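Here is a short briefing on one protein model. Look over the sequence and the structure before reading on.

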Amino acid sequence: MRHKRWRALGWSLPLPLLSACGGGGLLATVGPDYQAEPLPPVTGWHEPQPGPVARSAHGGAAGDLIRWWERFNDPTLTRLLDAAERQSASLAEAKARVEQARANLAGADGALLPNLDASLAGKRSSASFGGEPFVWNQYSAGLQSSWEIDLFGGLARQQQAALGQLAAKSAAWHDARVTVAAETANAYLAYRYCLSQVQILQADRASRSESARLIEIAGDSGLRPAGDVALARAGAAEARSNVLQQQAQCERGVKGLAALTALDESELRGLLGTDAEQAAKLPEPPAFRIDAIPAGVLLQRPDIAAAERDVAEASANIGVQRAKQFPKLSLSGNITPTLQNINAAALMLAQTWAIGPTLSLPLFDAGKRAADVAVAEQQYLAAASRFRDKARTAVKEVEEALVRLNSAGLRLPEGRAAVDSYRANYRSLEALNQNGLSSLLDVETARRNLLSAELALKTLEQERVSAWIALYRAVGGGWTANAEAAAQSDVNASPDSLPIQQVSFNGGKS
């Protein structure tokens with residue numbers, strides 16, 4: 001009767017223990033409970049935004065910005081972005097970190113439940129006790145199980161830390177995608193900008209070469225002084241040198257794109273096209289406005305989400321270390337039936353089993369456990385500080401991108417007006433010079449002014465596109481923690497990450 005009671009108790013004991021596995025410790029859950037706090041309210045952005053446009057950055061759908069690159073209507077850019085994403089080492093490393101975090105979470109989940117192992121063994125041995133030796137055969141199959149009861153929530157905190165780590169690494173993977181896309185787009189933009197400069201310099205070279213030819217003819221006829229002929233030749237040589245220098249820079253841009261995308265250079269050149277006029281045209285980015293206040297924009301940034309989850313993980317790790325200062329209870333058991341015989345006699349079955357609890361008490365460790373708790377607390381404070389720093393940096397990056405956009409928008413009309421005026425001045429002086437009413441030095445000065453103005457205008461146009469890319473990157477690149485929006489996006493080779501809960505961030509408190 002007593003044996004039956006103990007057996008009934010043995011079956012009923014795990015039930016309340018299993019029910020405690022999901023939420024916390026059986027007796028208590030030590031360590032701080034992490035809570036994210038909202039950011040301080042901010043009324044809006046300090047810098048003015050671009051003029052009226054058709055839609056906002058969010059447009060009522062958080063996934064809209066994800067397709068932003070496609071609205072460039074540039075198939076070459078889309079192809080380069082896809083190739084760069086497939087070949088990016090940083091993206092591959094980020095994906096590997098996601099898989100590692102997922103494995104850590106599986107281990108943390110498994111630690112809350114009993115583990116079970118099986119074994120099979122066969123053994124043949126010979127022994128002698130002073131007489132005739134005998135042969136002993138043994139065949140056994142065993143089951144072993146152990147289970148740590150989470151008395152004070154250390155395992156539950158470990159699970160929380162693993163969840164935070166997985167969420168952080170998943171967000172970091174998205175951040176790596178945005179970074180790779182922005183880097184590739186900027187490299188492509190720099191190449192197109194370089195080609196546009198080549199076109200301007202080639203037109204300047206052709207103009208100077210023609211002027212030098214005509215002036216040499218006039219000099220041979222005695223109608224131009226030798227100084228004008230020498231100046232014209234020098235200007236033509238300088239123009240040829242400028243073109244060669246700029247073409248070399250464009251070649252370096254091709255090499256850089258090939259390294260980013262891992263495309264064969266001949267294939268890459270085919271994508272970039274042979275039509276110089278079309279290739280030199282800068283892409284037109286789709287405009288958008290940031291209707292959300294700064295705190296709302298931060299919710300879109302995967303690096304901010306990753307930093308906040310790092311804080312949550314650090315908070316949970318305090319509980320993990322603190323639980324090590326408390327007693328630990330574990331259950332273990334095994335059953336091993338064994339078939340055996342001696343000297344080929346009939347097999348006999350022997351059964352052995354054992355089950356029982358083990359309670360370990362931390363008595364003396366020279367302060368190591370307390371030191372580990374102190375380290376975890378400092379790591380939490382450091383993670384919270386990093387998060388706040390990233391939040392400030394995020395707002396700064398958006399503001400800086402808005403400054404660049406506003407400045408480029410204000411300067412572009414002035415730059416176009418300057419080009420028109422310098423062109424009119426150059427043409428006027430050139431006409432006067434052809435009639436002998438102006439010096440060649442004045443014409444060359446006017447030509448240089450026009451060239452500088454044209455290059456400055458092209459730089460402004462490139463700065464405007466670059467600023468749009470920077471703004472897109474600064475507001476999170478269209479990444480969203482919302483699972484529904486993520487399902488609508490094209491995330492090739494996605495690590496199938498867990499949806500990250502969208503919350504208001506301020507580093508949290510423990």
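Which residue in β3 stands opposite Ser 140? Thr 338 does. The model is a predicted one.

**Sheet**
- Four strands form an open sheet in the order β1-β2-β3-β4, and their pairing is antiparallel.
- β1 (115-127) and β4 (348-360) are the edge strands, so each pairs on one side only.
- From one strand to the next, the twist averages 15°.
- Strand β2 (residues 134-149) runs antiparallel to strand β3 (residues 328-342), and 12 bridges join them.
- Strands of a sheet pair through backbone hydrogen bonds, either parallel or antiparallel.

**Nonpolar cores**
- The largest nonpolar core holds 41 residues. Trp 69, Ile 290, Val 398 and Leu 471 have the most contacts inside it.
- Elements giving two or more residues to this core are α3 (75-87), α5 (154-220), α6 (226-261), α7 (265-272), α11 (368-434) and α12.
- The most comes from α5, which gives 10 residues.
- Beyond its neighbours within four places in sequence, Leu 471 is in contact with Phe 288, Ile 290, Val 398, Ala 401, Leu 402 and Leu 405.
- A second, separate core has 16 residues, including Val 229, Val 419, Tyr 426 and Leu 450.
- In soluble globular proteins, nonpolar side chains tend to be buried together.

**Aromatic cluster**
- The whole structure contains three aromatic pairs.
- One of them is the stacked pair of Trp 69 and Phe 72, with 5.8 Å centre to centre and 15° between the planes.
- Trp 69 counts as buried because its relative accessibility is 8%, under the 20% cut-off. Phe 72 is also buried, at 7% relative accessible area.
- Trp 69 and Tyr 472 make an edge-to-face pair, because their ring centres are 4.8 Å apart and their planes lie at 70°.
- Trp 69 sits in the loop between α2 (14-19) and α3, while Tyr 472 sits in helix α12, so this pair ties together parts 403 residues apart in sequence.
- Trp 69 and Tyr 472 are both buried.
- Through ring pairs, Trp 69, Phe 72 and Tyr 472 are linked into a cluster.

- Helix α12 (residues 440-474) contains Glu 463.
- The side chains of Glu 463 and Arg 404 are joined by a polar contact of 2.7 Å.
- Not counting residues up to four places away in sequence, Glu 463 touches Arg 404, Ala 408 and Arg 411.

Definitions and conventions. Residues are numbered from 1 along each chain as its sequence is written. This is a predicted model: local features need pLDDT of at least 70, side-chain atom pairs count only at pLDDT 80 or more; totals for chains, interfaces and linings use all residues. Side-chain values use heavy atoms; hydrogens and water are left out. Two strands pair if DSSP finds at least two bridges between them. Axes are lines fitted to C-alpha atoms, for helices over the stretch in contact, and angles run from 0 to 180 degrees between N-to-C directions. A polar contact is a pair of N or O atoms within 3.5 Å; within protein, one must be able to donate a hydrogen and the other to accept it, and residues adjacent in sequence count only if both atoms are side-chain atoms. Contact means heavy atoms within 4.5 Å. A nonpolar core is a set of buried Ala, Val, Leu, Ile, Met, Phe, Trp, Tyr and Cys residues joined through side-chain atoms within 4.5 Å. Buried means under 20% relative accessible area, exposed over 50%, partly exposed in between (1.4 Å probe, protein chains only). Rings of Phe, Tyr and Trp (its six-membered ring) pair if their centres lie within 6.5 Å; planes under 30 degrees apart count as stacked, over 60 as edge-to-face and the rest as tilted.
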